[in-house]
Amino acid sequence: MRAGGRLGGSGFLVLWLLAGCTLLSGCAAPRAYLGEPITATREPQGYRMATVLRARGDDDLLFLLSLSGGGMRASTMAYGVLEQLAADPVNRDGHRSRLLDEVDVISAVSGGAVPAAYYVLFGDPLFEDFTARFLVRDITAL
């Protein structure tokens, strides 16, 4: 380095070599393990649309609910959607129920999956304790 604070010709060369090595080292990652290949599927089992359709029988209403991601805002939105579906009554064939009870499939990702999974696991207690246990807590501080 010169007294003026500038890099000389050899300093530029060292800097470029250092930057080049740094960039190229990112390409030298070890090979990722992708698991064992899937060799067979078990069609009658698992979460498949055919399974849902068979279980529905003569039901003429297919209700698919999709909840998107987006962090805490998505969780709050998904919770609000589930809460509203639970509050909305529906009268089908003389039988009164909640719109939420008519949902056949829930598809959710990221933040929307949190209240969806909570509902699938625990049912209606979602509406009693999910806000206190998740929505108003600072989960990043845990």
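The chain has 5 helices and 4 strands, where helices (H or I, at least four residues) and strands (E, at least two) are DSSP runs numbered from the N terminus. Read along the sequence, these elements follow the pattern α-α-β-α-β-β-β-α-α. This is a predicted model, in which local features need pLDDT of at least 70 and side-chain atom pairs count only at pLDDT 80 or more, while totals for chains, interfaces and linings use all residues. Residues are numbered from 1 along each chain as its sequence is written, and side-chain values use heavy atoms, with hydrogens and water left out.

Of the 142 residues in the chain, 21% are buried; buried means under 20% relative accessible area, exposed means over 50%, and partly exposed lies in between (1.4 Å probe, protein chains only). The accessible surface of the chain comes to about 11,000 Å², of which 60% belongs to carbon and sulfur atoms, with areas taken from the Shrake-Rupley method with a 1.4 Å probe and, for residues, only the protein chains shown counting as cover. Among the contacts with a separation of 6 or more, 57% join residues 24 or more positions apart, a contact being heavy atoms within 4.5 Å.

Ala74, Ser75, Ala78, Tyr79, Leu82, Leu85 and Ala86 are the buried residues of α3. Seen down the axis of α3, these buried residues fall within an arc of 135°, so they line one face of the helix; the arc is that of the directions from the helix axis to the C-beta atoms. On the other side of α3, Arg73, Met77 and Ala87 are exposed. The buried residues of α3 pack against β1 (64-67), β3 (95-98), α4 (110-122) and α5 (126-135).

The largest nonpolar core has 17 residues, of which Leu65, Leu82, Leu85, Leu100, Val103, Leu126 and Phe130 touch the most other members. Such a core is a set of buried Ala, Val, Leu, Ile, Met, Phe, Trp, Tyr and Cys residues joined through side-chain atoms within 4.5 Å. At least two residues of this core come from each of β1, α3, α4 and α5, and the largest share, 5 residues, comes from α3. Val103, if residues up to four places away in sequence are not counted, touches Phe63, Leu65 and Leu85.

The structure also holds 4 salt bridges, each a side-chain nitrogen of Lys or Arg within 4 Å of a carboxyl oxygen of Asp or Glu. In one of them, the side chains of Asp60 and Arg92 meet at 2.6 Å, N to O, and this pair links distant parts of the chain, with Asp60 in the loop between α2 (49-56) and β1, and Arg92 in strand β2 (residues 89-92), 32 residues apart. Asp60 counts as exposed, at 69% relative accessibility. Arg92 also meets Glu102 in a salt bridge (2.8 Å, N to O). Glu102 lies in the loop between β3 and β4 (105-108) and Arg92 in strand β2, so this pair ties together parts that are 10 residues apart in sequence. Both Glu102 and Arg92 are buried, and Asp60, Arg92 and Glu102 are linked in a network of salt bridges. Another salt bridge joins the side chains of Arg98 and Asp101 (2.8 Å, N to O), where Asp101 is partly exposed, with a relative accessible area of 42%.
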